[in-house]
Amino acid sequence: MAPSEHHQPTYDAVVIGGGPAGLQTALTLGRMRRHTLLLDSGSYRNERAGHIHNFAGFEGTPPEEYRAAARRDLAAYSTVETRTATASSVKPDGDLFVVEVDGAPVHARRVVLATGLRDRLPEHPGLAELWGTVAAQCAYCHGHEYAGAPVAVLGSSANLPLMLASIADRVTLLADGVDLDPDSARIVEAAGIEVRTERVEGFERTGSGCRVTLADGPAEEVAGVFIGTTGEQAAPFAEQLELELNPSGGIRVDPMGRTSLPGVYAAGDSAHASAFPLPPAAVLTAAAAGLVAATGVIADLLSVDHGVDP
Ligand SMILES: Cc1cc2nc3c(=O)[nH]c(=O)nc-3n(C[C@H](O)[C@H](O)[C@H](O)COP(=O)(O)OP(=O)(O)OC[C@H]3O[C@@H](n4cnc5c(N)ncnc54)[C@H](O)[C@@H]3O)c2cc1C
C-alpha cells in the first residue's frame with residue numbers, strides 16, 4: 001500500500017459493503033494481493049431471514065453463518081483489511097477517491113459499491129413483524145418452503161402468484177382494493193388463483209403461518225405471504241456521485257461492474273446492467289457480480305499502471 005500525500009495509506013480499492021457482493025469482491029482482490037479495505041456497517045438485506053435458499057452448496061445455511069465463513073476466508077489474505085464501520089461519503093480527489101469512514105478520510109484508487117438495497121414494505125399492521133420469516137419477496141428463495149401449503153400474494157401483478165401456483169397448494173391474490181387489469185385478472189383466474197379484492201386490514205402471526213384480515217368477508221389463513229416489494233438504495237453514494245441509474249433505481253453498470261463514473265464500480269443488489277429490468281437479487285448473483293467487479297478493478301489498475309488494454 002503506497003503512502004499518499006495525505007500521509008495515510010492509499011488502498012488499491014475500498015469495497016463498501018460486507019454482504020455477499022462485497023465479501024466476494026474483497027476475496028478476489030485479496031487473491032490478487034491488492035490492498036483492499038472492506039467496510040461493513042452491519043445491516044444486510046436478508047438479516048431477518050433464517051436461511052439462504054437457492055444456492056447450491058449453501059442451501060439452508062443461515063445468512064450470518066455464510067457471512068462469518070466468508071469473513072474467515074478473507075482473514076487468510078494479508079492485503080485485505082475488514083472494518084465494521086459506516087462510510088458516509090465518497091468523493092473523487094484527483095486520481096483517487098476519498099471515502100469518509102466514521103469521520104476520518106480513507107484514500108483509495110478504486111471504489112466498489114456493494115451496499116445493497118432495502119425493501120420498502122406496504123404499511124399494513126403486522127406485516128413488518130412477519131418480514132423474513134412468514135413474509136418474503138422471492139418465490140425462488142422461499143417458495144419451496146410452502147410446497148403443498150396455502151399462500152397469499154399481496155399485490156396486483158400476475159407474475160408472482162403464477163410462479164407460486166406450481167408450488168403451493170392454493171394461492172390467493174390480495175389485490176388490496178386495487179382493480180386488476182383485465183388481462184391479469186383473466187390469466188390468474190384461469191390458473192385457479194383466487195383474487196380477493198377487499199382492502200387488507202392487517203396480518204397476525206399464527207401457529208401455522210398468519211391470518212390476513214380484510215375489510216369484508218372471511219379472513220385468509222395462510223402459511224406464507226409474498227410481497228412484490230419496492231427496493232431503494234441502502235446507501236447515499238449513487239446520489240452523491242451522480243451515478244447513472246436504471247429505471248428500477250438500480251445503479252447502471254456495464255458487464256464488468258463499471259458505473260458511469262470511471263473508477264467507481266458497483267455489484268450486488270444495488271446495481272444491474274441495463275439489459276435487466278431489475279437486479280437479479282440473490283446471494284449467488286450478488287457474489288458473482290462482486291467477483292466480476294473485482295476483475296474489472298484489476299483490469300483497470302493494470303491498464304493504468306502498465307498501459308495494457310483493460
Ligand atoms: C427476506 C429476504 C430473504 C432473502 N432470502 C434469500 C435467499 O434465501 N436466497 C437468496 O439467494 N437471496 C435471498 N435474499 C436476497 C439477498 O438477501 C440479496 O440478494 C443479497 O443479500 C444481496 O447482497 P448484497 O451484498 O448486494 O447486499 P447486502 O447483503 O444487503 O449487503 C449490503 C452491505 O452493505 C453494507 N453497507 C450499506 N451501506 C453502508 C455504508 N454506508 N457503509 C458501510 N457499509 C454499508 C451493509 O452493512 C452490508 O454489509 C433475500 C432477501 C430478503 C429481503
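**Close-up views of a predicted model**

**View 1. Val212 stands opposite Glu220, a residue of strand β15.** The model shown here, as in every view, is predicted. Strand β14 covers residues 209-214. It pairs with β15 in the antiparallel sense. Three bridges join the two strands.

**View 2. Three strands form an open sheet.** The strand order is β13-β14-β15, and the pairing is antiparallel. Which strands lie at the edges? They are β13, residues 200-206, and β15, residues 220-222. Each edge strand pairs on one side only. Neighbouring strands of the sheet are turned against each other by 20° on average, direction ignored. Strands of a sheet pair through backbone hydrogen bonds, either parallel or antiparallel.

**View 3. Helices α1 and α2 cross at roughly 15°.** Helix α1 spans residues 20-31, and helix α2 spans residues 63-75. Their axes come within 10 Å. Why is α1 called roughly parallel to α2? The crossing angle is roughly 15°, and angles under 35 degrees count as roughly parallel. So α1 is roughly parallel to α2. The crossing is left-handed.

**View 4. Residues of α1 meet residues of α2.** From α1 come Leu23, Ala26, Leu27 and Gly30. From α2 come Arg67, Ala70, Asp73 and Leu74. How many residues of this contact are nonpolar, polar and charged? Five are nonpolar, one is polar and two are charged.

Terms used:
Residues numbered from 1 in each chain as written. Predicted model: local features only at pLDDT ≥ 70, side-chain atom pairs only at ≥ 80, totals over all residues. Pairing = 2+ DSSP bridges. Helix = DSSP H or I, 4+ residues; strand = E, 2+ residues; numbered from the N terminus. Axes fitted to C-alpha atoms, helices over the stretch in contact; angles between N-to-C directions. Parallel < 35°, antiparallel > 145°, perpendicular 65-115°, else oblique. Left-handed = near helix turned anticlockwise from the far one by under 90°. Contact = placed C-beta atoms within 7 Å. Nonpolar A, V, L, I, M, F, W, Y, C, P; charged D, E, K, R; others polar.
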